[in-house]
Amino acid sequence: MYRNLDEIREAAKNLPNRQRLAVAAAQDQDVLEAVRDAVDWGVVSAILVGDEAQIRQLAQAVNLDLAKCQVVAEPDPVAAARKAVAMVAAGEADLVMKGKVGTADILRAVLDKEQGLRTGKLLSHVTALDIEGYDRLLFMTDGAMNIAPDLGQKVQIVQNAVDVARAVGIAEPKVAALAAVELVNPDMPAAVEAALLAKMAQRGQIKGAIVDGPLALDNAVSLHSAQVKGIVSPVAGQADILMVPDIEAGNVLYKSIVYFARARVAGVIAGAKAPVVLTSRSDSHEAKLDSIAFSAVFAAGLNQ
Ligand code: COD
């Protein structure tokens, strides 16, 4: 079980095989710096799809040796996203990464019926947060893909996050279905659905995890808070996964943790034929590197 993103980086470096990473619209300095380190560490080999002149210029600026990479010229970012995704669909690459292209644009390429990476499952985003003072790696879902999931979609979102957590070594992750309260308030749909998710997990409708909810953020991550409120729960105070009710809650939570608590962060789309390395364009090159390592470890775990 990995307690932080440094341990994930070490695990990625020790994987038996390099993953082939296709980068969509690779003309981005932070992305190329992350690719440089991941290539140097032997975690990936890289296929850089995008504006060739810009890729060559930026590669020189960040000391990325293009002799070690394949460059595929496609100046249009949306077309580059489609091409990078199609390479994974065709078995020519193992992972795809978002470069200088909009999140919705790469997600649409991934969802394309002919050349995308659909599996029949819902696709969702999982963030790994390495927070000083929390004793484990904390996963959060879904702050980036599904906008306002219904109960059925939340089941799949939780299952995807559980599959990610298990693939990176947590045998039976503890999932907190978050709401604003820890008692079921019939007027709060997020709390009602969180309670239903807990019951569905008890009945085996979510597999491989312990799910409880509704939990508010404080009692999900603080045993003291749970004790003060008299909550008896196998998850309270020790959550591995936080499931947020919608994209706004997830996005605000993730950005608060990164900007105020200076946490390290990594992100991946799960549920597709292959992991999609998906970070925010404003994330640092370190976050992009952590995301490549996290996705490579996830991909290796999936194939076991
Ligand atoms: N998993 C599997 N299939 C899906 C999913 C999913 N999560 N979402 C849509 N689909 C399928 C639908 O069933 C349908 O067949 C097709 O894809 C199109 O569905 P629409 O019409 O809902 O798709 P779009 O293109 O309008 O929207 C899909 C997006 C993923 C682009 C959309 O949900 C979106 O914009 N999400 C937020 C992305 C974002 O801006 N994130 C920013 C935070 S970093």
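Two strands count as paired if DSSP finds at least two bridges between them; strands (E, at least two residues) and helices (H or I, at least four) are DSSP runs, numbered from the N terminus. The model is predicted, so local features need pLDDT of at least 70 and side-chain atom pairs count only at pLDDT 80 or more, while totals for chains, interfaces and linings use all residues. Residues are numbered from 1 along each chain as its sequence is written, and side-chain values use heavy atoms, with hydrogens and water left out.

In β9, Met-243 is the bridge partner of Ala-177. Strands β7 (residues 174-178) and β9 (residues 241-243) run parallel and are joined by 3 bridges.

Next come the nonpolar cores, sets of buried (under 20% relative accessible area, 1.4 Å probe, protein chains only) Ala, Val, Leu, Ile, Met, Phe, Trp, Tyr and Cys residues joined through side-chain atoms within 4.5 Å. The largest has 66 residues, and among those touching the most other members are Leu-21, Phe-139 and Ile-292. Helix α11 (residues 285-302) gives this core its largest share, 9 residues. Domain 1 (5-119 + 272-302) and domain 2 (124-259) both contribute residues, so the core lies between them; the domain bounds come from an automatic or database domain assignment.

Leu-21 is in contact (heavy atoms within 4.5 Å) with residues including Val-35, Leu-95, Val-277 and Ile-292, not counting residues up to four places away in sequence. A second, separate core of 27 residues includes Ile-47 and Ala-109.

Key:
Buried < 20%, exposed > 50% of the residue type's maximum accessible area, 1.4 Å probe, protein only.
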